[in-house]
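Hello,

Here is the structure I promised to pass on to you. Have a look at it first, and then read my notes below.

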Amino acid sequence: MRKDHRSECVINLTVEMFGDQWSLLVIRDIIFMNRRHFREILTKSVEGIASNILADRLQRLVEQGIIVKSQDESHKQKAIYSLTERGIDLLPLLMEMVAWGHKCLPGSRLRGLAQTLEEGGPKVRAKFMSQLRETHLPRSGTKNQIRSQRKFTRTSAMQKVQAAYETKLGTRSRH
């Protein structure tokens, strides 16, 4: 991680952390699409990121404490990427970017996502962040079982947001 900064301005420090278009798009795919494996992010990204760039950005995000890389229990040769609390805290920033883009970039195809986020307001954001914590952060066994059972009994904020995101991009994504 970079130690010498152009300035101590919080906006500058944040821009320097992400530094390029790909980092935020990787985080977007992890948050909104629950893409957590290298191959998923690589092949299903609408923008078509190159494998060497993806590997570099994932490594940077791990070094910055935005995501963690761990062994996937279901497949010993795969790594799984999970958000940290610091990564989950990026959700409000991404939601504000969606709202701004909806308002100021009329050609955007993600109208459904902006509308879902706008209609749900702070309540949807809070629920979505809570569900990201359930999915990405380590938990105890008993709470995990109870949460998993609740997850399937109602439509979650995460499902609503992901469905709104997929609606417009589904036809363009590469599989």
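His136 sits in helix 7 (residues 111–136); helices here are DSSP runs of H or I with at least four residues, numbered from the N terminus. This is a predicted model, in which local features need pLDDT of at least 70 and side-chain atom pairs count only at pLDDT 80 or more, while totals for chains, interfaces and linings use all residues. Residues are numbered from 1 along each chain as its sequence is written, and side-chain values use heavy atoms, with hydrogens and water left out.

His136 is buried because its relative accessibility is 6% (buried means under 20% relative accessible area, with a 1.4 Å probe and protein chains only). Leaving aside neighbours within four places in sequence, His136 is in contact (heavy atoms within 4.5 Å) with residues including Ile30, Tyr81 and Leu83. A polar atom of the His136 side chain lies 2.9 Å from the backbone nitrogen of Leu83.

There is also 1 aromatic pair, for which ring centres of Phe, Tyr or Trp (its six-membered ring) must lie within 6.5 Å. The rings of Phe32 and Phe128 are stacked, because their planes are at 25° (stacked means under 30 degrees apart), and their centres are 5.9 Å apart. Phe32 belongs to helix 2 and Phe128 to helix 7, so the pair ties together parts 96 residues apart in sequence. Both Phe32 and Phe128 are buried.

Finally, Trp22, Ser23, Val26 and Ile27 in helix 2 meet Ile53, Leu54, Arg57, Leu58 and Leu61 in helix 4.

Enjoy exploring!

Methods: Helix = DSSP H or I, 4+ residues; strand = E, 2+ residues; numbered from the N terminus. Buried < 20%, exposed > 50% of the residue type's maximum accessible area, 1.4 Å probe, protein only. Polar contact = N/O pair within 3.5 Å; in protein donor to acceptor, adjacent residues only side chain to side chain. Phe/Tyr/Trp six-rings, centres within 6.5 Å; stacked < 30°, edge-to-face > 60°.
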